[in-house]
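Here's a quick briefing to read alongside the model. Take a look at it first, then work through the points below.

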Amino acid sequence: MARSWLIYSMKNNSLFCFCCKLFSKRNIHLTISGMANWKHASTHLTSHENSPEHLNCMKAWKELAVRLRSGQTIDKQEEALLEAERVRWRAVLTRLTAIVQSLAVRNLALRGHTETLFTPSNGNFLKEVELMAKFDPIMKDHLNRVKRGTASHNSYLGHHVQNELIDLLSSKIISDIVDDIKQAKFFSIILDCTPDISHIEQLSVVIRVVSLMEKPHIREHFMGFLKAEESTGQHLASMILTRLEELGIPFDDCRGQSYDNRANMKGKNKGVQARLLEKNPRALFVPSSSQRWSILKNHVSITLKMWAETRWESKVKSVEPTRYHGAAVREALIEVRDNTKDPAIKAEAQSLSEEVGLYASASARLFGLQEVRYIFMEIPEPFKHTALA
Ligand SMILES: [Zn+2]
């Protein structure tokens, strides 16, 4: 006959009686330490099986099983309450996450001067919560509980939870970015260092890849700031390598490194560059052409400007330099053509100098800003007139 009550503990290498362990108050081997003496196991088990204590425990166990099945236990009711709580909190958190997300997308600050609900300057996060509670029964119920002080010890509206949600969202985004980088395989890094308000160097890390998401195009992913305790080349380089390792991005696949060209960064950069090159000789230093840029500056008093995707007016502004300084831009191009040793740049400078005036964007392209779209021709008709007026 199968002994449904008999259980074996692998850890102790011994036998226990399940129902006696649960219900019996007697201290026997089968309930306390387990039966490890296998010699007379069969005899022992048979005698235990027929003992009145065991039979009572067996009865109690079976009765409990029946009550559990029909949902008559106190536990069952507890369980239903717990389940309802779980569902409710899940719904609240889904809403709070959506609010954080919506604010983050618009680059809006979450917090205000106070953290009290229904006060004028409690910030965007709580204001959105209040707004949602006007129309959404779950949020309304949640705020009522908070007001009555029955939302247990945590309302999930405080700054700790907000920060945690932000961290979770950001790690999700980072992991998607890392996927994109890994898919592209090869990448280059763009680094810049700026001291923050407390004079701690903040190193910003941007990774540039040919993204294969949707259609292949160049993408620059901002990977966040690294706080540098020391600003030596060695320290900065090891920080970058550690960060890449944390993200699971193999530095062996790095094919270029690029830095801000300001004079005060140059020394530091050299140190970082050399160390990264030592680690991976293929991570070539790619200068953004400050030399060609300075030739342009000698000829043109204003600079070529980027345009913003969402503001057409900025496109007009970006075209201005070539509209009013076309001749000077052409001069600059000719100087680049005459001075460069690179035949490709020479040829491009030549053809661009011929085209300036027609394609205002072209000069920008040569001055190391390939990815910024300056194409004059793309400006819609009504704006073109403004630009040329
Ligand atoms: Zn038993």
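Along the sequence, the residues that hold the zinc ion follow the pattern C-x2-C-x27-H-x5-H. Keep in mind that this is a predicted model, where local features need pLDDT of at least 70, side-chain atom pairs count only at pLDDT 80 or more, and totals for chains, interfaces and linings use all residues. Residues are numbered from 1 along each chain as its sequence is written, and side-chain values use heavy atoms, with hydrogens and water left out.

**The zinc site**
- The zinc ion's protein donors (N, O and S atoms within 2.8 Å of the metal, or 3.2 Å for Na, K and Ca) are C17 (SG), C20 (SG), H48 (NE2) and H54 (ND1), sitting 1.9 to 2.3 Å from it.
- The angles among the four donor atoms run from 104 to 118°, and that makes the site tetrahedral (four donors, all angles between 85 and 135 degrees).
- For four tetrahedral donors, the ideal angle at a metal is 109.5 degrees.
- Both H48 and H54 are buried (under 20% relative accessible area with a 1.4 Å probe, protein chains only; exposed is over 50%, and partly exposed is in between).

**Two positive phi angles**
- N13 isn't a glycine, yet its phi is positive, near 50°.
- You'll find N13 in the loop between β1 (6-9) and β2 (14-17); strands here are DSSP runs of E, at least two residues, and helices are runs of H or I, at least four, numbered from the N terminus.
- N13 counts as partly exposed because its relative accessibility is 40%.
- F118 isn't a glycine either, and has a positive phi of about 60°.
- F118 belongs to the loop between α4 (74-105) and α5 (123-135).
- With 47% relative accessibility, F118 is partly exposed.

Definitions and conventions. Tetrahedral: all angles 85-135°; square planar, octahedral: opposite > 155°, others 65-115°.
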